[in-house]
Amino acid sequence: MVQRPRTPLVLLLAGALGVLVTALLTAVPATAEEPDDQAEPERLLPNLKVLRAADLYISRSGGQRKLRFESGLASVGDGPVEVRPNRAKTCPEGKQHSSQYIYRDVNANGRYDVAIDTRTARRSAGCMLFHPYHDHWHFEAASKYTIFKAKRPELSKVAQRKMSFCLRDSRRVPKHMGVFDYAERYGACSRNSPQGISIGWVDVYQSYLAGQAIVLPPRMQDGLYCLRIKVDPRDQLLETDENDNSSVRAFFMRGDRISYRDSAKCHSRG
């Protein structure tokens, strides 16, 4: 009796595996798509609000009268405000391009987590202005200041100016704006450091600082006026809300004396 040679076990297993793979491939359509796990997490956009001008007073220097005041830019959005100087685009002499960095919600919890949400999106935010005295870049046209007569702003702009700032954390936002638990992150500015305002913080510019004043016309009469502060007047920053970037302070001027009035006397446009 002739015995047939036995088929090695390895060959038997290989054949069975091939049959199984063929069955699986024919059971799944060839056009089936894999889950898209490459989608970018949602952006956590910042939002800037402006505190009403404070510490208003009149100063005299060199025959000029100036209205001096304190201003504050508050960050209350889903993510921090952050800009960085770079050379991504060409800017005029004495200026450098800046990019806005927007953090992404990596863990998809709808909240900015500093240690986790480290991925960012970038977009152009215009040019930064070099401040030789401070030896660092300022975010150009960060704020616009305008004085106008109450109730007729469209016809009575008295004076205005635009200011460039180094954005940083100065103090916590007022309680009526919310309670936040983010630590101070943006401190003293340097030539190439990121600038910004953390969530729940205010960038404050005291009334005695350079630029925190508007020169008053020589023949400006006593009366009821309004001081409007508008942040990001050129819309260079992307925010959750572009319609809450202004604040207004009503004041009565008599000679060199200033007294506050109800800001409802000021219109919101102009």
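Me: Which residue does glutamate 40 form a salt bridge with?
Reply: Arginine 104, and the closest N and O atoms are 3.6 Å apart. A salt bridge here is a side-chain nitrogen of Lys or Arg within 4 Å of a carboxyl oxygen of Asp or Glu. Keep in mind that this is a predicted model, where local features need pLDDT of at least 70, side-chain atom pairs count only at pLDDT 80 or more, and totals for chains, interfaces and linings use all residues. Residues are numbered from 1 along each chain as its sequence is written, and side-chain values use heavy atoms, leaving out hydrogens and water.
Me: Is arginine 104 buried or exposed?
Reply: Arginine 104 counts as buried, at 14% relative accessibility. Glutamate 40 is partly exposed at 45%. Buried means under 20% relative accessible area, exposed over 50%, and partly exposed in between (1.4 Å probe, protein chains only).
Me: What about arginine 119, which side chain does it meet in a salt bridge?
Reply: Glutamate 40, at 2.6 Å from N to O.
Me: Which residues end up in one network?
Reply: Glu40, Arg104 and Arg119 are joined by salt bridges that share partners.
Me: New topic: how far apart are arginine 111 and aspartate 181, N to O?
Reply: Their side chains meet in a salt bridge at 2.7 Å. Aspartate 181 is exposed at 57%, while arginine 111 is partly exposed at 34%.
Me: And how many salt bridges does a search of the whole structure find?
Reply: Eight.
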